[in-house]
Amino acid sequence: MSTLIKSATLLTASDTFSADILIEGEKIAALGADLNIPGAEVIDASGKLVMPGGVDPHTHFDLPMFGTVSSDDHYTGHKAAAFGGTTTVIDFISQDYPTLRASADAWHAKADPKAAVDFGFHMNITRLDDSILEEMGHLPGMGITSLKVFTAYNNRLRLSDGDIYKVMRIARERGLLTLLHAENGDVIDLLVAEALAAGHTTPEWHAKTRPAWGAVEATLRGAALAAQTGAPLYIVHMNVGGEVDQLRYVRERGLPVMGETCPQYLFFTEDHLRRPDGAKWVCSPPMRTAADNLRLWEGLKDQTIQTIGTDHCPFFFDGTKAILYEGKSVAIPGKELGSDNFTKIPNGLPGVGDRLPVLWTYGVRAGRITPNQFVALMCTNPAKIFGLYPRKGALLPGSDADIVIWDPEQRLTYGVAHAHHRTDYNLYENWELVGFPEKVFLRGQLIVDNTRSEGDRWLGKTGMGRFLMRSEGTFV
Ligand code: URP
Ligand code: ZN
Ligand code: ZN
């Protein structure tokens, strides 16, 4: 079956040009001027932009934590991603079992039957011994070429600096990319204990007990460990201006260190935690200041930062009240669990479906990043860094036909009623957004049809998403 997208303006990470796109089966077969293919279904994309499907390198679907579970699973979260123009997601495996293989198997059991877009996995390394170090060498054979380590969450997820060094040494040998959660676990534990003892229980204390300098020094610490082992490094969810300064410093010295920020750190501040509904903004690392927002935007513009992921990890604001999802009542315990103690508020936010529309409006249309930088940050760089390029993140003959036809003029007062996340709130409630996916293709199949006359139509199916065996990524 052939589909011909005619009269499109193509947006890639480096160019904007006019071309027709021929899709044959699951792949892009050709790009060219005035293609004429007898029998092909023709889609007129004049006046629209066409870009590769988004690649979100940071999601947490169906993640048990804080005595509950993140409220989007590998179907509902994938569907929300697709409505927002994202066709590939990379989720984090918890190291819950004695072996990495068993932990990966457990994630496959949850994700494979439900997946609605294509997906990969990162492996969290939160407990280390010689057998885990040995097994890390087998991760590429499982299609997993990246792992995450933490300098926070003492006695739970954190590794010592020595263990992070050992992980990085093997990562370099085996072509694995190390991802770093950069905060100072010791200082956080001390400040949390002191805050609770003093009777401070409100959400703003979540930020107050996680000092920004902890992220700054942990970023440099991680980069220094990477330098000493020769391993590449990727700093996840950068939220602090000083982290951008550290990243710039180490990149200027030729170290293969890359960085990711998330939409929430570009728009919100600690002031949001002081609102009566401040728990909605509780995630780790926390919101910071307007100056940090600005420095992160500068880091995107000057290409110090390479990607925008979401760290999508949603919880209900009030999990005692059901919402309707696909016609069924759903209630999942959420932020209310911490109504009298900020340390019990499940950490995380919805965002996987918001990423492209929000960043188009407040990044591209606001003149903060160019349309080509948008594609680089949202699609192409994550695909390159995580070993998926040019299968994903590209509009090239031979690439998977993951294609977004983007209507740059579609306008909506956005919010929970429009986002397809399985939760009861949206961070961008009542924001005026301009620019949405009109059609989204996953490997040549139309999965979202958002033509204005027909409304927002879901054509995807549970189980149609495929696990991606990733190769070694490249430094960008
Ligand atoms: O609050 C968040 N982001 N929860 C997910 C865990 C993490 O560290 O990314
Ligand atoms: Zn993290
Ligand atoms: Zn995360």
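Student: Which residues coordinate the zinc ion (ligand 2)?
Tutor: This is a predicted model. In it, the protein donors of the zinc ion (ligand 2) sit at 2.1 Å. Their sequence spacing is K-x32-H-x55-H. The donor residues and atoms are Lys148 (NZ), His181 (ND1) and His237 (NE2).

Student: How many residues apart in sequence are the parts tied together by Lys148 and His181?
Tutor: Lys148 belongs to strand 11 (residues 146-150). His181 belongs to strand 12 (residues 177-181). The pair therefore ties together parts of the chain separated in sequence by 33 residues.

Student: Is Lys148 buried or exposed?
Tutor: Buried means under 20% relative accessible area. Lys148 has 3% relative accessibility, so it counts as buried. His181 has 1%, so His181 also counts as buried. For Lys148, the class is buried.

Student: What distance separates the zinc ion (ligand 2) from the zinc ion (ligand 3)?
Tutor: The zinc ion (ligand 2) has Lys148, His181 and His237 as donors. The zinc ion (ligand 3) has His58, His60 and Asp311 as protein donors. The separation of the two ions is 4.1 Å.

Student: What is the geometry at the site of the zinc ion (ligand 3)?
Tutor: The site has four donor atoms, with angles of 88 to 133° among them. Four donors count as tetrahedral if all angles lie between 85 and 135 degrees. The site of the zinc ion (ligand 3) is tetrahedral.

Student: How many residues apart are His58 and Asp311?
Tutor: The donor spacing for the zinc ion (ligand 3) is H-x1-H-x250-D. His58 is in strand 6 (residues 54-59), while Asp311 is in the loop between strand 15 (307-308) and strand 16 (323-325). Both His58 and Asp311 are buried. The pair links distant parts of the chain, and its two residues are apart by 253 residues.

Student: At what angle do the axes of helix 12 and helix 13 cross?
Tutor: Helix 12 covers residues 355-365 and helix 13 covers residues 371-385. Their axes come within 11 Å. The crossing is right-handed. The angle is roughly 150°.

Student: How many nonpolar residues does the contact of helix 12 with helix 13 have?
Tutor: Helix 12 contributes Arg355, Leu356, Leu359, Trp360 and Val364. Helix 13 contributes Pro371, Phe374, Leu377 and Met378. By class, one residue is charged and no residue is polar. The nonpolar count is eight.

Technical notes
Residues are numbered from 1 along each chain as its sequence is written. Chains are lettered from A and ligands numbered from 1 in the order in which they are written. This is a predicted model: local features need pLDDT of at least 70, side-chain atom pairs count only at pLDDT 80 or more; totals for chains, interfaces and linings use all residues. Side-chain values use heavy atoms; hydrogens and water are left out. Donors are N, O and S atoms within 2.8 Å of the metal (3.2 Å for Na, K and Ca); water is not among the atoms, so sites may look incomplete. Four donors count as tetrahedral if all angles lie between 85 and 135 degrees; four count as square planar and six as octahedral if opposite donors are over 155 degrees apart and all others between 65 and 115; anything else is irregular. Helices (H or I, at least four residues) and strands (E, at least two) are DSSP runs, numbered from the N terminus. Buried means under 20% relative accessible area, exposed over 50%, partly exposed in between (1.4 Å probe, protein chains only). Axes are lines fitted to C-alpha atoms, for helices over the stretch in contact, and angles run from 0 to 180 degrees between N-to-C directions. A crossing is left-handed if the near helix is turned anticlockwise from the far one by less than a right angle, and right-handed if clockwise. Contact means heavy atoms within 4.5 Å. Ala, Val, Leu, Ile, Met, Phe, Trp, Tyr, Cys and Pro count as nonpolar, Asp, Glu, Lys and Arg as charged, and the others, Gly among them, as polar.
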